[in-house]
Amino acid sequence: MVVPKHGVFTTRENKVYQMKKLLVSAIPALALSIAVGTAQAGETLDAVKAKGFVQCGVSTGLPGFSVADDKGNWGGLDVDVCKAVAAALFGDAGKVKFSPLTAKERFTALQSGEIDMLSRNTTWTLTRDSNLGLNFAGVNYYDGQGFMVSKKLGVKSAMELSGASVCIQAGTTTELNLADYFRANKMEYEPITYDTSDETVKGFEAGRCDVLTSDQSQLYALRIKLSDPNGAMVLPEVISKEPLGPVVRQGDDDWFNIVRWSLNAMLNAEELGVSSKNVDEMKGSSDPNIRRLLGLEGIKGEGLGLADEWAYNIVKQVGNYGEAFERNVGSGSPLKISRGLNALWNNGGIQYAPPIR
Amino acid sequence: MSDQPSDAMTPGKPAPWNDPKIRAIVFQALLVGAVVMFGFYLINNTLYNMEQRGISTGFSFLEKESGFGVTQSLIEYDETHSYGRTFFVGLLNTVLVSVLGIFFATLLGFVMGVARLSKNWLVARVATAYIEIFRNIPLLLQIFFWYFAVGINFPRPRESLALGEVFFLNNRGLFMPRPVTEDGFGLVVAALIIAIVAVFFMVRWAHRRQDATGQPFHTVWASLGLLVGLPLVAFLAAGNPLTWEYPELRGFNFKGGLSVLPELFALTLALTVYTGTFIAETVRAGIQSVSHGQTEAARALGLRESKLLQLIIIPQAMRVIIPPLTSQYLNLTKNSSLAAAIGYPDLVAVFAGTTLNQTGQAVEIIAMTMAVYLSLSLTISLFMNWYNAKMALRER
Amino acid sequence: MDTKQFERGPDLPPPITEIGAIGWLRRNLFSSWLNSLLTVVVAYLLWLMLPPLIDWALISSDWTGTSREDCTSDGACWVFVSVRFNQFMYGFYPEAQQWRIDLIYGTLFLLMIPLFLKAFPWKTWLGGFIIFVYPFIAYGFLDGAWFGFEVIETTKWGGLSLTLILAGIGCVAALPLGILLALGRRATDMPIVKAVCVVFIEFWRGVPLITVLFMSSVMLPLFLPEGVTFDKLMRALIGITLFQSAYMAEVVRGGLQAIPKGQYEAADALGLGYWKKTALIIMPQALKIVIPGIVNTFIALIKDTTLVLIIGLFELLGMIQNALNDPNWLGFSTEGYAFTAMVFWIICFSLSRYSMHIERKLHTGHKR
């Protein structure tokens, strides 16, 4: 019996071939199955509930707003908003993970779903609200852009800055305000644009630029990063409105509401005098406003789809807005920023939260 | 087995699933299918996600006013120009730093590559040390070092290092006088063009004469004379139509003149030093690839050392050097994107950075940025392939 | 008759200028006036640079202490490095759990030893285990979830250990993909496969790693179905792997081209099919040749991993940058960069020496 030479291997080669075919056809099938499997997962809130924690985008390091200590634990005013949302949703302020983002990365990260919410000293503007597909859930810090200069320059006003080199962080509204301000006042400037705020400080420290511009809160925060904080001063001019607040993607109103009302609960708690220290005693209060806040009567948690004690958890675990402010940026911190615009409306400021009822 | 040899000579037609041609076709069809499906899957997801999240799409943003400033621009630019303009500003800055880097790295690389093979022990050791040290340290680190530890620690503008009140060096950059042309300078330019054309024809004539009669002609000196002399005559004839604008300290900074930003300086320096090591190694390998017999034959002909290198070694070594040199140029161009880390306004910093962030249209902008680097890479490879072919033609 | 016998006198000593130290100097440093000039200039430059450098780095530097006040002399302040040394190596990985990192790297080191022993018979299997299995065990061990340890988020990984994880896993994962791409690029009888591979390779080789990392770190979720996300480190690894596989493919292709045609023909004559031929005859020889090339791309990758600091992962350089921002330690960037440079240099230089060593050792078969 004569077998053609190549015939000997027919069956084995055939097997290899079939395996190959199987493999090749498996890839698109796999891809399709992923697509089908997750198409219904949908909304942010469901996804957050399913994974059991909030993924929150914060700054890569801005004292008072979001910084990691040397153990990698995050703290700050922006971080507290994230924690408040976790406390409202899960009853545990610890159920939050932080993604440090540069200014450049932040919106893409939020749009793409990498993070669930962004709390990273982000200014609320029309463009961002509309074109970028984002929603601002409120304002946790009213800020304005200012200038920091070295005292040695002897400059007293921003109007004397024509011809100066200005250090600035890339991808911020500050970049646009700066251009507007110098153009409107017919002054020249040289923008030195860095990627991170740390680099702007280094550039300023070394004298690469004469002026560092940023939101005023950041200027105070960055000033303590200088080797000689007293050698630098913040000029009096405030050249823009910078309402900073937490941001979410458009398309999930339930999630948007939870973030917005977590912040509002902190403000209302301060207004009603409820703090993390007295919140348990306050449960016995007869003030209907306080009772509604703590979920003892009224709408409770049902409108937001949360547990009744959602606001109680925020106040208990994170504190009210005043506490968070003093602890992170105010008198309890190295920044020592006064409340100013950020005092409550009945206290000379413009922080004003809609009532819980 | 072999009692019927005719069978072995003309094997029967294999089964269709075993025919290599058919298998190739089927396999390729499957691959095409998979690639198309995968691409479709990605595009579909992206479009769905973008629509779902209300992200605006399309390229209309390129028309809008940018509203931000850029430190260095080779074309006219201010805040009122469009986002599309920022693309070109960044692109030109990338090209500038790449060209500077390629020029200096080639220079440094050739010097160090030759120096490493030098018979002078000290020179060879220094070259070796340079190569081994700088090619084993990450480029980003070198950029940081040249910028944060050196560049911005130069004196402040008021304490600038000055060279005769004409050149100034401080942490805002290096300031030099800038030539300002006046009426009549066109004459000088015209003279220069005429000189170049004349040199071109002269060289061709000299070559032909040498081929025909064997008489050499001093082309180098003659061309130099033409290139310098003719414009000089025109310059004097036009009555010195050139003035210099000197930089001077006004307010915070030096104004006027030409300036080199410390960011550009640090980036070019780091790219030069880093890529120079790889070019040096390439050059060394190229020189060593030329057989020793060539050197001996050239010595036997009585060529001096300098002529030996110039006429015998380098032309032959170039053939080995060029392909790896090309990839070093490509690497340098791509590496220039690290500019963003120190605030040099290149394409990645200006366009894929600020513009992306102001408009939020990540997909379009990253796609455009990648396309630019791909086409820069392709352009450099095409040019070097052309040059390579030209060099290879000399082989007989 | 003059019968004076010629008598050989004693040898004169060679001229003093041709032997010993002077001869060496003349030959190597002062062989011509040009060389002499060069020597003098270079020596002068070295004299200008080296003594202050050595003085700064070694002689008048401070080594021990806990804060910047301990740096009293005007030289380098290495206290900055020693105080934060732990962070530079382990990042924010909790100190109580750092034994896991030590164990992983220690085991890897022990596993590597037999590879250098001539007599060890199962090198291939051990090598395969280290390359294809160990990285996954290591990842799982560091993460902790699979082994039931405390889970350490990848955001806390950092320092040199993260640098090596990124480079190691990136390189290992890129190898199989690179081999497939290299084979595809040489599949002349399948033009479409070839075209797809060429486009893939040239695309990844043509774009800067920084845009690849940016894309994988922020845009990847846009390409995936809603709700599917990976960890940030994982996304960086995906980007690095795709990028690296293109370079790996080119290295492997070089190896494939170096295999003499006779080997292909002999395998065909034996009646081996394509995959058998490739797996049993061609690849073992080709991979042997390209080991130095693979080590070289690995070196390049180690240096390139520094770029992940731009997307907010704190590998060694990122950790240093982070430490430099500490208000208590401002102004020590030179020390920080010098230390990082030293660490990278030691790793990359020893790897490149190793690669050259292998190259010499393998310089047997196919060189013609």
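The C-alpha centres of domain 1 and domain 2 of chain A lie 29 Å apart, with domain bounds coming from an automatic or database domain assignment. This is a predicted model, in which local features need pLDDT of at least 70 and side-chain atom pairs count only at pLDDT 80 or more, while totals for chains, interfaces and linings use all residues. Residues are numbered from 1 along each chain as its sequence is written, and chains are lettered from A and ligands numbered from 1 in the order in which they are written.

User: How do the residues on the side of domain 1 of chain A that touches domain 2 of chain A divide into nonpolar, polar and charged?
Analyst: Chain A is divided into domain 1 (46–142 + 244–347) and domain 2 (145–240). Their contact (C-beta atoms, placed from the backbone, within 7 Å) takes 17 residues from domain 1 and 15 residues from domain 2. Ala, Val, Leu, Ile, Met, Phe, Trp, Tyr, Cys and Pro count as nonpolar, Asp, Glu, Lys and Arg as charged, and the others, Gly among them, as polar. The side of domain 1 then divides into 9 nonpolar, 7 polar and 1 charged.

User: Which residue stands opposite A:Gly146 in strand 11 of chain A?
Analyst: Strand 8 (residues 145–150) and strand 11 (residues 211–215) of chain A pair in the antiparallel sense over 5 bridges. In strand 11, the residue opposite A:Gly146 is A:Ser214.

User: Is C:Ile238 buried, partly exposed or exposed?
Analyst: C:Ile238 is placed in helix 10 (residues 232–258) of chain C, a helix being a DSSP run of H or I of at least four residues. A residue is buried if 20 or more other C-beta atoms, placed from the backbone, lie within 10 Å of its own, exposed if 12 or fewer, and partly exposed in between. Because C:Ile238 has 17 C-beta neighbours inside 10 Å, it counts as partly exposed.

User: How far apart are the centres of domain 1 and domain 2 of chain C?
Analyst: Chain C is divided into domain 1 (20–59) and domain 2 (83–361). Taken over C-alpha atoms, their centres are separated by 41 Å.

Technical notes
Helix = DSSP H or I, 4+ residues; strand = E, 2+ residues; numbered from the N terminus. Pairing = 2+ DSSP bridges. Contact = placed C-beta atoms within 7 Å.
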